[in-house]
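Reader: Please take one part of this model and go through it closely, then relate it to what else is listed for the fold. I would like the cut-offs behind each term.

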Amino acid sequence: MTTVRAIELRLISLPLVRPFRTSMGIDREKECVLVRVETDDAEGWGECVASPDPSYSDEFNQGAWAVLRDHLGPSLLAADVPDAEGAERKMAWVRGHRMAKAVLVMALLDAELKASGASLASRLGAERDRVQCGVSVGIADTTEELLDQVEGYLHEGYRRIKLKIEPGIDVDRVSAVRERWPEIALSVDANAAYSLEDVDRLRELDRFGLLMIEQPLSHDDLYEHSLLSTKIETPVCLDESIRSSADARAAIELGACRIVNIKQGRVGGLLEAVRTHDVCRERGVPVWCGGMLETGIGRAANLALAALPGFTLPGDTSSSKRYFEEDITEPFVMASDGTMPVPRGPGLGVEPLPDRLSASTLRTEGVARKE
Ligand code: SMG
Ligand code: MG
């Protein structure tokens, strides 16, 4: 049992090394909410995966900030929390807001594990010391630019290339990459940009031997994905549609997907991410760790999660330098064999560097106790 003594919110911004374009828009910087908690025993950090706009999900930074400050934070502040599961239960009265809940779960796990000296990886049930890395390549202005970027990433050793696509910037781009590199592990991610009416176009992708097509249809749909899955050969992977372990179970039972992308923030935290992994593993469905352009804090958590046994496909767990000139932690570096070591220090195993943290901070606010 420990008491949560303080919760501090911090909005940070870091420039991206190159703009990241998806079917939803263009990101030029990474802006996210970090949370620092202080318990009786230790300090812990968490990173919220929400974006500035409610585009990838209905959550967004200012909304997460408000729900953390006014509802979730006060539920935990000055409360006796047995452990991170206990914190999940104390926050359960708030419906939805999974990304906001997840950041508190992460920070409390970090504190709890720092106090006991155990790593997050061992707490979650990791079985590997290194994870396989893939890279997500944004929509480029031209095919030549795309080929140059892919060549660079393959040269660095990435084991899987994922191309962002949207209607009209899809078949030709995939064809060009496949022609140049017939053997690489290749996938595409549509971020919900297609509809069932596009089935003929999506079927054209079948000839490229893709590992998967990620989230082709609506962000909140399972049924239409189950229909699409019977009409195309490329395995469907769901990202946005999976918000919990229950969603994963429903999606699999409905035949809506054959692969699941797990992001701890999207499902409400690291503990629910493990349950989602378990549901998929029990049903023989491979999973992999998605990414939200995380700083070193969130990246450390992703690496711990990706080391669980059901994560059999390379994740969007790329080197820090694929995103940032300078991260807020020591950078994560992928080896030339396309793998990255799983942090093994207590808790997340990383700390924000004070100089980097203050240089990237836009705003901070403490959570106040509710009278
Ligand atoms: O972290 O390397 C990364 C980004 C991976 O493509 C990526 N993420 O739909 O999977 C996805 C997108 C969502 C990012 S939108 C900010
Ligand atoms: Mg995705």
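This is a predicted model: local features need pLDDT of at least 70, side-chain atom pairs count only at pLDDT 80 or more; totals for chains, interfaces and linings use all residues.

Author: Taken alone, ligand 1 exposes 440 Å², of which the protein buries 98%; accessible areas follow Shrake-Rupley with a 1.4 Å probe, and for residues only the protein chains shown count as cover.

The surroundings comprise 17 residues, with S136, D189, N191, L293 and Y323 the closest; a residue is near if one of its heavy atoms lies within 4 Å. By class, the shell holds eight charged, six nonpolar and three polar residues. Asp, Glu, Lys and Arg count as charged; Ala, Val, Leu, Ile, Met, Phe, Trp, Tyr, Cys and Pro as nonpolar; the others, Gly among them, as polar. Ligand 1 takes up the space of the largest pocket. A pocket is an open set of points on a 1 Å grid over the protein atoms alone, where a 1.4 Å probe fits, with protein on both sides within 12 Å along at least five of seven lines.

Now the strands, which are DSSP runs of E with at least two residues, numbered from the N terminus; two strands pair if DSSP finds at least two bridges between them. An open parallel sheet of seven strands runs β6-β7-β8-β9-β10-β11-β12. β6 (134-137) and β12 (287-289) are its edges and have a single partner each, so one side of each lacks a neighbour in the sheet. β11 (residues 259-262) pairs with β12 over three parallel bridges, and N261 stands opposite W288.

Elsewhere, β1 (residues 2-22) pairs antiparallel with β2 (residues 25-39) over 14 bridges, the two being joined by a hairpin of two residues. β1 also pairs antiparallel with β14 (residues 361-366) over five bridges, where L11 has R363 as its bridge partner.

Residues are numbered from 1 along each chain as its sequence is written, and chains are lettered from A and ligands numbered from 1 in the order written. Local features need pLDDT of at least 70 and side-chain atom pairs 80 or more, while totals for chains, interfaces and linings use all residues; side-chain values use heavy atoms, without hydrogens and water.

Definitions and conventions:
On a 1 Å grid over the protein atoms alone, a cavity is a set of points where a 1.4 Å probe fits but cannot get out, and a pocket is an open set with protein on both sides within 12 Å along at least five of seven lines; lining residues have an atom within 4 Å of a point. A molecule sits in a cavity or pocket if more than half of its atoms lie within 2 Å of its grid points. Helices (H or I, at least four residues) and strands (E, at least two) are DSSP runs, numbered from the N terminus.
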